[in-house]
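These are my notebook entries on a structure I consulted. I record below what I looked up, entry by entry.

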Amino acid sequence: MQTTTATPTETKSYSKQTHSFTEDGQTINAIVYGGLDHPNDINGNIHIVDLGEGHEGGRYMLTLENDGWLSDDLKDLEPRLFEWMRTEGYEEDSK
């Protein structure tokens with residue numbers, strides 16, 4: 001995993017909500033984007049994992065395909081996630 005800081009840019013966003021998943025007996029807290037499609041399967045949703053405060057490398061983890069990033073601030077990861085969502089055909093929420 002690499003730690004990243006994104007250049008601030010104005011982006012539209014997608015709906016998001018927090019949700020806890022249980023995987024292999026462990027609780028995984030995540031921020032789910034674009035709706036909770038699979039409440040019992042973290043990998044069936046678009047998400048950023050909340051590793052908790054004090055995690056080495058960063059609180060939040062984004063994994064897209066074979067790449068991963070860590071940051072203490074969602075604002076560093078969301079532009080990268082939103083760009084990926086646009087390329088995959090997800091529509092942004094109207095605001």
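I looked up Glu23 and noted that, leaving out residues up to four places away in sequence, Glu23 touches Ile28, Ile42 and Asn43; contact means heavy atoms within 4.5 Å. The model is predicted: local features need pLDDT of at least 70, side-chain atom pairs count only at pLDDT 80 or more, and totals for chains, interfaces and linings use all residues. Residues are numbered from 1 along each chain as its sequence is written, and side-chain values use heavy atoms, with hydrogens and water left out.

I placed Glu23 in strand 2 (residues 16-23); strands (E, at least two residues) are DSSP runs, numbered from the N terminus.

I turned to His47, which belongs to strand 4 (residues 46-50). His47 is buried, at 17% relative accessible area; buried means under 20% relative accessible area (1.4 Å probe, protein chains only). I found the His47 side chain 3.3 Å from the backbone oxygen of Ile42, and a polar atom of that side chain 3.0 Å from the backbone oxygen of Asn45. Beyond four places in sequence, the contacts of His47 include Tyr33 and Leu62.

Met61 is the bridge partner of Val49 and stands opposite Leu70 in strand 6.

Note on methods: Helices (H or I, at least four residues) and strands (E, at least two) are DSSP runs, numbered from the N terminus. Buried means under 20% relative accessible area, exposed over 50%, partly exposed in between (1.4 Å probe, protein chains only). A polar contact is a pair of N or O atoms within 3.5 Å; within protein, one must be able to donate a hydrogen and the other to accept it, and residues adjacent in sequence count only if both atoms are side-chain atoms. Two strands pair if DSSP finds at least two bridges between them.
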